[in-house]
Amino acid sequence: MGQALRAVRGMNDILPAQSSGWRALEQGFRAWAERYGFGEIRTPLVEPTALFGRSIGDGTDIVDKEMYSFVDKGEHALTLRPEGTASVVRAFVQHKLYALEPVTKLYYLGPMYRRERPARGRYRQFHQVGVELFGDAGPLVDAEVIDLAVRYLEAAGIPRLAVHLNSLGGPAARSAYEIALKTYLTPHRTSLSADSQRRLELNPLRILDSKDPADQAVVQHAPTLTAFLDDTDRAHFAALQEALARLDIPVVHDPKLVRGLDYYSRTLFEIRATDDTLGAQNAVCGGGRYDALVQSLGGPDCPAVGFAMGLERLLLLQPSQPAPTTPDVFAVAVSPDERPTLLALVQQLRQHGLSVDVDLRGQSLKSQMRRADKSGARLALLLGADEAAASAVQVRDLVAQQSERLAQSGLAAALRARLDAAAASSDTER
Ligand code: HAM
């Protein structure tokens, strides 16, 4: 036997026992995003490497350390997308979607790739759901987008979350603040972690959300961004907070929230788990406004706001997940000779919309009945020589432990009626 290969570190298989939980989160997100007026966009997993340096930013951890980049046959520098926003903006500009409607609302779901150190809630292939809204610079859409995130998480049954909110201000406020922060941090240089000493030159704002205790001690007394906001920034932030209050969304104003991507301006938010289920990886959703990005990627001057959340983290936080799907019916051949007729009957039932499982290996009746019980099917359908001769079947309710004989003609409708009745009575018992 050859040596078994394993999946790449930090990249996970999702097995059938887990996939109903995944599907429920994905279907729920589609439904909620569409309820808020967003339409789905699907972009390639691979993009030109330059896209991410120009959007997420050279000097960020993602671009400098975490991208899966390669040269395609010695010709094109390509990267597995580390997030969705850059790709969606690229597509928005490339297809001139801005020319179709004044406001464009897009949602997406799919795998993203970052070469981070794997830990609980942190993987190298992970899955995001997200939205991006283009063409509205006002604070009310920031509130609308945050509301979508909050209501979806609530409907998904994720407990104990807090919305952290900050404003980065416009480019002027941000660069004035960067200078002030650098001036404050430079005398403390040697007390900072090695990573933050490097960030001091490249991206001093990132030091603010460092998890390193040495950095946190220094940062504690740093000037805050809030003091640098101009009047328009302040009015935007105040109106956003007011709108969120009206939408019943409590927030924590967190002046040190900066997030690790360069494209943000003004509104920034993160939704975090408040218990320690996720350890350091407690952010389930991150987002904000990026009013300059469309233009810097070659599009028109077009404001935008969005968020993304990590599905793996939501699954870790969900107290219970939906049960795996089970067939309606398990079909059983009383003797191996009945198998071809049984298969034809099963095909008919499936074409009528029933989900039917069957074991065609020619196992004993007892072993097939054991599999029927284990399958979770409500009904077993048995075909023996007698039934075959009479164009009939035996149907056994595996919960009520009762059997009856039914004609093969009209069988799908008869089975459906029994399944519906069984579902209705188990609903009233609950
Ligand atoms: P982000 O904060 O880098 O933002 O990622 C958003 C979410 O993706 C995180 O809050 C987390 O739940 C999940 N996530 C990120 N990295 C990992 C990982 N290595 N393993 C598991 N989950 C992870 C963005 O990606 C922005 N594009 C969000 C955005 C959209 N801003 C505006 N529009």
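This is a predicted model: local features need pLDDT of at least 70, side-chain atom pairs count only at pLDDT 80 or more; totals for chains, interfaces and linings use all residues.
Three strands form an open sheet in which the order is β2-β4-β3 and the pairing is antiparallel. The edges of this sheet are taken by β2 (46-48) and β3 (69-72), each of which pairs on one side only, and the twist from one strand to the next averages 40°. Between β3 and strand β4 (residues 76-80) the antiparallel pairing extends over four bridges, and F70 is found opposite L78 of β4. Helix α2 (residues 49-57) lies across β2, β3 and β4 and runs at about 75° to β2.

Helix α5 (residues 139-155) has 17 residues, which at 1.5 Å a residue should span 24 Å, and this agrees with the 24 Å that separates its end C-alpha atoms. The helix α5 is mostly covered, since 13 of its 17 residues are buried, and it is followed by G157, which has a positive phi near 75°.

Most residues other than glycine have a negative phi. Against this background, R259 has a positive phi near 70° although it is not a glycine; R259 lies in the loop between β8 (251-253) and β9 (267-273) and is buried, with a relative accessible area of 13%. A positive phi of about 50° is likewise found at S391, which is not a glycine. The loop that holds S391 lies between α14 (385-389) and β15 (392-397), and S391 is partly exposed, its relative accessible area being 43%.

The aromatic pairs number ten. In one of them, the ring centres of F29 and Y107 are 6.1 Å apart and the planes stand at 75°, so the pair is edge-to-face. Because F29 belongs to helix α1 (residues 16-35) and Y107 to strand β5 (residues 104-113), this pair ties together parts that are 78 residues apart in sequence. F29 is buried at a relative accessible area of 0%, and Y107 also counts as buried, at 1%. The rings of F92 and Y98, with centres 5.8 Å apart and planes at 65°, likewise form an edge-to-face pair; here F92 is buried at 1% relative accessibility, whereas Y98 is partly exposed at 28%. Ring pairs join F92 and Y98 with F134, Y263, Y264 and Y290 in a cluster.

Charged groups also sit over aromatic rings: the charged end of R35 is placed over the ring of W32, 4.3 Å from its centre, and K105 lies over the face of F38, at 5.2 Å from the ring centre.

How values were computed. Residues are numbered from 1 along each chain as its sequence is written. Side-chain values use heavy atoms; hydrogens and water are left out. Two strands pair if DSSP finds at least two bridges between them. Helices (H or I, at least four residues) and strands (E, at least two) are DSSP runs, numbered from the N terminus. Axes are lines fitted to C-alpha atoms, for helices over the stretch in contact, and angles run from 0 to 180 degrees between N-to-C directions. Contact means heavy atoms within 4.5 Å. The expected span of a helix is 1.5 Å times one less than its number of residues. Buried means under 20% relative accessible area, exposed over 50%, partly exposed in between (1.4 Å probe, protein chains only). Rings of Phe, Tyr and Trp (its six-membered ring) pair if their centres lie within 6.5 Å; planes under 30 degrees apart count as stacked, over 60 as edge-to-face and the rest as tilted. A charge sits over a ring if NZ of Lys or CZ of Arg is within 6 Å of the ring centre and within 35 degrees of the ring normal.
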